[in-house]
Amino acid sequence: MINNPKVTHEIHATPPGDLAIWVFIFAELLAFGVFFVAYAFARANNVELFNESQQHLNRTSGAINTLVLITSSYFMVRAVAAIKQGLSKPCALWIASAIGLGFVFLAIKIAEFQATFAAGISLSTNTFYMFYLSLTLFHFMHVILGMVILAAIMLKALRGGYSAENHIGVETGASYWHMVDLLWIILFPLVYVIR
Amino acid sequence: MDKPHKPHFIRACTYIWLALIILTCITYAIGETGWSGTAVMLTVLGTAVIKVEMVASYFMGLRRTRWLWRGIVLGWLILVSGLITIAYFKSLG
């Protein structure tokens with residue numbers, strides 16, 4: 001480590017993965033950013049309504065889903081580290097674990113949606129629920145897309161399609177998955193906690 | 001040549017993962033107390049900002065790229081969290 005400062009302090013010209021995914025990531029950050037700010041200003045005009053409606057959200061499932069996504073994101077870090085060492089099978093296994101946690105996230109979210117709809121709540125109930133449902137549904141779709149991307153990468157890794165020298169695909173999928181995690185890290189406190 | 005570097009990188013990311021878990025539990029605990037107010041809001045939002053920066057720098061690997069890339073995410077984070085804070089102060093009247 002100390003004998004190899006070049007590796008430790010290497011600065012890359014571009015972020016990990018395909019540059020195209022980063023254009024997509026920045027576009028997504030922009031879209032969600034607008035959504036988050038719109039929520040905050042809508043809340044400023046209806047504080048009592050937002051605070052009252054927020055009380056009915058399942059904060060525990062929101063927090064568990066945060067832990068699930070963070071851990072899933074960490075598994076993708078391990079998948080990238082494995083393939084950089086040329087370990088295809090462990091890489092595929094880490095990706096499979098990340099996908100598995102993706103399913104856990106979806107299951108918890110579906111249960112939350114079911115409880116919300118069963119209570120007669122919909123997009124038109126009030127402004128808070130309009131934001132809550134559309135923001136979380138929008139994010140939900142990104143989780144599904146991320147899982148599809150990770151599944152394709154996992155299958156390619158299983159076939160030996162990546163190596164220590166050629167692993168840009170794994171980094172691309174990991175970068176997208178980290179973005180999904182990053183967005184939820186803001187969404188959870190903003191919608192479920194801040195009042 | 002790259003191998004001696006790996007355990008250190010994984011260990012650093014494991015510590016980051018642990019820190020993210022702890023910070024999430026703190027946010028949840030604050031939510032469960034039912035506390036509100038400016039200090040609580042700034043603590044919860046500040047915690048989220050730190051967590052996002054951790055994910056971007058370590059998990060996404062932006063700390064090993066040119067400042068431009070890290071700057072875009074950091075700029076986005078400052079802008080969004082800043083506007084959320086302004087909206088919160090607006091709600092106080």
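What percentage of the 93 residues of chain B count as buried? The figure is 32%, where a residue is buried if 20 or more other C-beta atoms, placed from the backbone, lie within 10 Å of its own, exposed if 12 or fewer do, and partly exposed in between.

The model is predicted, and local features need pLDDT of at least 70, side-chain atom pairs count only at pLDDT 80 or more, and totals for chains, interfaces and linings use all residues. Residues are numbered from 1 along each chain as its sequence is written, while chains are lettered from A and ligands numbered from 1 in the order in which they are written.

**View 1. The fold of chain B.** Chain B has three helices and zero strands, in the order α-α-α from the N terminus on. Helices (H or I, at least four residues) and strands (E, at least two) are DSSP runs, numbered from the N terminus. The radius of gyration of chain B, 16 Å, is well over the 12 Å that the globule rule gives for 93 residues, so chain B is more spread out than a compact globule. That radius is taken over C-alpha atoms, and the rule is 2.2 Å times the number of residues to the power 0.38. Along its principal axes the C-alpha trace spans about 60 × 30 × 10 Å.

**View 2. Where chain B meets chain A.** On chain B, 44 residues are in contact with 44 residues of chain A; contact means that the C-beta atoms of two residues, placed from the backbone, lie within 7 Å. Helices H1 (5–33), H2 (38–59) and H3 (67–91) of chain B each supply at least two residues of the side that touches chain A. H1(B) gives the most, with 15 residues.

**View 3. The largest nonpolar core.** This core has 79 residues, and Ala79(A), Cys91(A), Ile95(A), Ala98(A), Ala157(A) and Val170(A) are those with the most contacts inside it. A nonpolar core is a set of buried Ala, Val, Leu, Ile, Met, Phe, Trp, Tyr and Cys residues joined through C-beta atoms within 7 Å. H7(A) gives the most to this core, with 17 residues.

**View 4. Around Ile95(A).** Not counting residues up to four places away in sequence, Ile95(A) touches Ala79(A), Leu150(A), Ile153(A), Met154(A) and Ala157(A).

**View 5. Glu53(B).** Glu53(B) lies in helix H2 of chain B. Glu53(B) is partly exposed, because 17 other C-beta atoms lie within 10 Å. The C-alpha atoms of Glu53(B) and Leu77(B), 24 residues apart along the chain, are separated by 8.3 Å.
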